[in-house]
Amino acid sequence: MSRKFLGGLALAAALAAGCAGSAVAQDPAKLNDLEIAHAAYVAGDIDIRNAHLALALSDDPKVREFAELMIRDHEAVNQQALTLLDKLKAKPQDNEFSQALLKGAHENWAKMAKLSGHAFDKSYAANELAYHQTVNHVVGDAFIPNVENAELKTLLGSALDVFKAHEKHAAEMVAEVGS
Amino acid sequence: MTPVTRLGAGSLLWSRRRLLALLPLAALIRPARADSAIVEMHQLKFAPAEIEIAVGGIVTFVNLDLVPHTATGDVFDTGTLRHNERKEIAFAAAGTFPYLCKFHRHMTGRVVVR
């Protein structure tokens with residue numbers, strides 16, 4: 001089913017990673033620390049906005065519970081990121097990878113907003129699973145190995161623990177919401 | 001040296017002999033349970049996941065994760081603990097008290113009070 005809905009986000013990340021030969025977006029493994037901080041923040045913020053869309057459109061208790069968890073957890077992680085950046089007196093740096101993520105997200109939201117009921121729930125669940133798989137791959141294999149600041153590396157490692165738990169939870173949601 | 005001092009030394013010697021005599025009995029007694037314990041919420045797990053404390057003991061739950069957690073059982077609830085927040089829970093009665101994080105339900109633990 002809705003592989004096509006699997007997310008502009010996943011697609012954007014794949015494009016950004018160069019998997020589809022994009023000449024526009026940056027390779028996430030080549031971002032500097034401030035660009036990584038920006039991209040990680042944007043990725044979290046996108047998932048918060050995905051969750052708000054789910055709370056607006058879904059009546060499924062499992063979907064709503066997951067969405068509330070995404071808002072609570074990603075807001076907490078992003079707040080910790082901002083606290084660290086304040087401490088380091090650093091300002092996150094916008095970049096093509098972040099822009100590709102956002103562009104994909106906007107495309108995805110436009111598609112998702114046209115859905116309702118079970119169709120939306122299935123699509124949201126599948127998108128969250130794909131999104132977390134993609135983001136976890138980027139954070140684990142591109143951001144963490146390449147980030148230079150030790151505190152940011154630790155923060156990303158702790159965040160990845162959380163995101164991996166989200167990925168498992170999303171897989172359960174996909175199974176529960178059904179096809 | 002004053003008589004009080006000599007008397008004190010003699011009492012200490014007597015006490016040591018009594019203690020040594022009681023050692024075999026002590027071996028029969030079960031190891032003491034802690035009056036208090038710390039459970040860390042870390043990497044989306046409770047650590048240790050199971051603890052044993054004495055009646056009247058206190059468990060301190062500490063959240064080391066970036067995201068909020070709870071330790072919620074049938075008879076106790078820490079409420080929401082954010083990063084680096086902690087909450088002490090006193091256990092006044094014996095029993096086994098399972099709990100979980102109500103946000104991350106795969107996070108489970110157990111307090112055994114004896």
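**Figure 1. The place of K89(A) is in the loop between helix 3 and helix 4 (96-112) of chain A.** Helices (H or I, at least four residues) and strands (E, at least two) are DSSP runs, numbered from the N terminus. The model is predicted: local features need pLDDT of at least 70, side-chain atom pairs count only at pLDDT 80 or more, and totals for chains, interfaces and linings use all residues. Residues are numbered from 1 along each chain as its sequence is written, while chains are lettered from A and ligands numbered from 1 in the order in which they are written. Although K89(A) is not a glycine, its phi is positive, at about 55°. K89(A) counts as exposed because it has 6 C-beta neighbours inside 10 Å. A residue is buried if 20 or more other C-beta atoms lie within 10 Å of its own, exposed if 12 or fewer, and partly exposed in between, with C-beta atoms placed from the backbone.

**Figure 2. N84(B) occupies the loop between strand 4 (72-73) and strand 5 (86-90) of chain B.** N84(B), a residue other than glycine, has a positive phi near 70°. With 10 other C-beta atoms within 10 Å, N84(B) is exposed.

**Figure 3. A cis peptide bond links A47(B) to P48(B).** The omega angle of this bond is about -5°. P48(B) is found in the loop between strand 2 (45-47) and strand 3 (50-63) of chain B.

**Figure 4. Helix 5 (residues 117-146) of chain A has 30 residues.** The expected span of a helix is 1.5 Å times one less than its number of residues. Helix 5 of chain A should therefore span 44 Å, and the 42 Å between its end C-alpha atoms agrees. At V139(A), helix 5 of chain A bends by about 35°; the bend is the angle between axes fitted to the seven residues ending there and the seven starting there.

**Figure 5. Chain A and chain B meet in a contact that takes 11 residues from chain A and 10 residues from chain B.** Helix 3 (61-88) and helix 6 (150-177) of chain A are the elements that give two or more residues to the side of chain A that touches chain B. Helix 3 of chain A gives the most to this side, with 6 residues. Two residues are in contact if their C-beta atoms, placed from the backbone, lie within 7 Å.
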